[in-house]
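Subject: Handover of a structure

Dear colleague,

Please find the structure below, together with its sequence. I would be grateful if you could read the notes that follow with the structure open beside them.

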Amino acid sequence: MSPPEQSPHPYTDLPAHAYWRSGVGGVEPLRMQGLWQPKFPITPADPVATYGSCFAQHIGRALRARGHDWLVSEKPPRRVSGEVARRFGYRLFSARTGNIYTPTLLLQWLRWALGEATPPDTVWPDESGFRDPFRPRIEPDPFDSVAELEKLRAVTLRALARSVRKARVFVFTLGLTERWVETETGCEYPLCPGTSAGRYDPDRHAFAPLDYPQAHAAMQAALDLMRAANPRLRFLLTVSPVPLAATASGQHVLTATSGAKATLRAVAGALAGARADTDYFPSYEMITSPVFGGQFFAPDRRQVTDAGVAFVMERFFGDMAARFDLPKTADSPPPPDAAADPEEVICDEEMLAAFGPRG
Amino acid sequence: MIRLCIIGNSHAAALKRATDAFRADHPEVRLSFFAAPSRETAALEVTDGRYAASTPELAAQLRLTSGGHDDIVPSEYDAFLVYGFGGRGDFSDNPRLLSAAFCRAVALERVRRSLLPRHIAALRQLTHAPIFAALTPLPGIDGIRKPRRLMRYKAEMAMVQAQICDPHGVTLCPQPPESLVKGRATRAEFAAGSQPLENAHRPTPGTHDRSERRHMNAAYGRVWLEHFWPRLRATLADGPKRAAE
């Protein structure tokens with residue numbers, strides 16, 4: 001007697017990548033294919049704006065190296081070395097916002113840039129000048145005056161608005177849920193006052209970590225605001241695989257990292273699932289999945305190695321080319337205005353690690 | 001006789017073209033030029049107590065401009081001038097969109113990435129004689145584009161003196177005030193009809209293209225040398241080691 005014939009169901013005849021055994025278990029991890037099925041193509045002709053946490057800096061550079069139109073709307077003068085430009089916050093992101101770690105901070109920058117709100121007049125006096133609380137490490141030294149600080153923030157806000165209006169794709173890398181706000185205005189700082197600049201005042205500064213509904217609502221509002229300014233704009237969300245440098249939550253930093261990344265990953269996934277204009281690129285999984293055995297982390301188990309970045313970006317372009325039958329682009333020399341010096345990632349959050357015990 | 005050694009690039013042509021007229025009035029000075037276009041003098045190397053061309057191409061070029069020498073023997077000169085490297089601005093510079101600190105960093109970097117630091121360090125390694133330096137002249141004003149500067153000229157000169165020249169006991173020589181337009185550009189008459197540096201490897205046209213405003217003419221060279229001359233004489237009168245102390 002032959003076994004009864006099974007009726008078809010949604011788990012029959014799926015592609016190999018849909019099954020763990022054929023998609024992961026039987027595949028050499030570095031040869032895994034189809035980790036990303038992009039929703040829309042990004043061609044070399046599409047201007048791409050990039051913002052977000054430290055890891056987002058790799059995406060802009062990789063796009064430029066592959067001959068894509070990485071949109072930099074706030075440029076340094078010509079013939080400035082990459083080293084000096086980066087030291088002053090140029091060519092890290094599409095405008096000199098510095099790192100934008102949270103969805104709420106992105107929304108804050110966008111509201112200021114697109115005229116929905118104005119920045120408060122908060123500045124952080126320093127021994128030799130004034131720091132911008134909303135990008136305190138954008139330059140190595142404080143600004144000479146409040147007027148200069150505000151003038152140059154306005155330059156950046158105009159550049160951010162230009163990049164939103166001109167881009168076809170806006171890439172944002174979500175990094176953190178922990179954040180610090182000014183109690184009087186509700187404005188969010190990228191770094192806790194007192195850590196790299198400013199003075200911490202418990203009466204004026206509050207720890208205000210995002211939960212899932214807050215993070216989702218802010219990200220949704222940010223995407224809607226940008227679409228209103230540029231109806232052709234599409235979004236590519238990623239989650240930074242870089243763990244927290246420190247947590248003020250009271251939890252162990254590993255546990256806090258896990259919670260934050262889970263929240264951000266859920267937000268990105270939910271928005272990509274709900275919105276036709278939004279996609280999620282799984283760089284987070286490509287670095288952090290146990291499948292890869294932690295091989296893409298530096299000895300501090302936090303920094304992502306160059307090999308990890310290369311693997312992620314290879315998958316980015318490879319999966320894009322495969323899905324849309326595009327020619328696979330190869331790395332090309334950087335343009336002449338980008339000096340050939342090493343491109344260090346500028347990561348403000350690492351300042352927090354300096355306050356922990358040594359050893 | 002005061003023997004001045006000039007290491008330069010194409011901008012040194014302005015001085016060289018003015019040499020005969022200058023020497024007619026100052027026969028007590030002899031100018032020896034070791035000049036090559038662009039960054040070609042990067043092939044000068046310190047060797048056996050000399051600053052010598054390390055490639056046949058540069059050697060030929062130096063023989064042409066110096067009248068037969070392809071190396072600099074420091075003891076044969078009383079003073080040195082490194083001319084025309086670093087400091088060139090750009091018409092895209094818009095300091096209104098940049099912080100003052102960034103402008104300072106860019107202006108300083110433009111000098112640091114030029115051959116000026118290399119040449120003055122090499123010369124100081126070889127000699128205690130006075131060394132002078134002059135940056136690339138500001139471009140000639142053309143009446144069309146408003147010349148832009150990242151920094152005020154005097155502030156930029158003071159910064160380069162302090163950051164680049166002082167550590168080697170080198171004196172920076174700003175442009176003669178009479179050649180400047182508000183510290184932003186060189187007066188138009190000094191940028192008209194400039195002549196290229198003689199070139200050992202290709203024919204040299206009589207004058208630069210009419211649109212060329214970055215190189216200066218012999219009239220500028222004469223003004224520059226006349227402005228420099230009292231300073232050189234005073235320094236040497238004070239003693240040859242003064243600048244190095």
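The notes below take each chain in turn, then the nonpolar cores, and then some individual residues.

Please bear in mind throughout that this is a predicted model.

Chain A

Chain A has 359 residues, and its secondary structure consists of 9 helices and 9 strands. Its radius of gyration is 21 Å, close to the 21 Å given by the globule rule for this number of residues, so chain A is as compact as a globular protein of that length. Buried residues make up 53% of the chain. Among the contacts in chain A with a separation of 6 or more, 72% are between residues 24 or more positions apart.

Chain B

Chain B contains 7 helices and 10 strands. For its 245 residues a compact globule would have a radius of gyration near 18 Å, and the value of 17 Å for chain B agrees with this. Its C-alpha atoms fill a box of roughly 50 × 40 × 35 Å along the principal axes. In chain B, 54% of the residues count as buried. Of the contacts with a separation of 6 or more, 78% link residues 24 or more positions apart.

The accessible surface of chain B is about 10,700 Å², 50% of which belongs to carbon and sulfur atoms. There are 34 positive and 25 negative side chains in chain B, and 8 Å separates the centres of the two sets.

Nonpolar cores

The largest nonpolar core has 51 residues, and the members that touch the most others are Y51(A), L106(A), F170(A), F172(A), M219(A) and M226(A). Several elements of chain A each supply at least two residues of this core, including the strands β1 (48-52), β4 (169-174) and β8 (234-239) and the helices α4 (103-113), α5 (146-166), α6 (212-229) and α7 (253-274). Another core, of 49 residues, lies apart from it and has A101(B), L115(B), I131(B) and M159(B) among its members.

Which residues does F170(A) touch, leaving aside those up to four places away in sequence? They are A49(A), Y51(A), L106(A), V164(A), M226(A), L233(A), R234(A), F235(A) and L236(A).

Individual residues

R124(B) is part of helix α4 (residues 116-126) of chain B. Is R124(B) buried or exposed? Its relative accessible area is 15%, which is under the 20% limit, so R124(B) counts as buried. The C-alpha atoms of R124(B) and H168(B) are separated by 6.5 Å, although the two residues are 44 residues apart along the chain.

Two residues other than glycine have a positive phi. D325(A) has a phi of about 55° and is placed in the segment after α9 (306-324) of chain A. With 72% relative accessibility, D325(A) counts as exposed, because the limit for that class is over 50%. K182(B) has a phi near 50° and sits in the loop between β9 (180-181) and β10 (185-186) of chain B. K182(B) is likewise exposed, at 76% relative accessibility.

Yours sincerely

Notes: Residues numbered from 1 in each chain as written. Chains lettered and ligands numbered in written order. Predicted model: local features only at pLDDT ≥ 70, side-chain atom pairs only at ≥ 80, totals over all residues. Heavy atoms only, no water. Helix = DSSP H or I, 4+ residues; strand = E, 2+ residues; numbered from the N terminus. Rg over C-alpha atoms; globule rule 2.2 N^0.38 Å. Buried < 20%, exposed > 50% of the residue type's maximum accessible area, 1.4 Å probe, protein only. Contact = heavy atoms within 4.5 Å. Areas by Shrake-Rupley, 256 points an atom, 1.4 Å probe, with all protein chains shown as cover. Lys, Arg positive; Asp, Glu negative; His and termini not counted. Charge placed at Lys NZ, Arg CZ, Asp CG, Glu CD. Core = buried A, V, L, I, M, F, W, Y, C linked by side-chain atoms within 4.5 Å.
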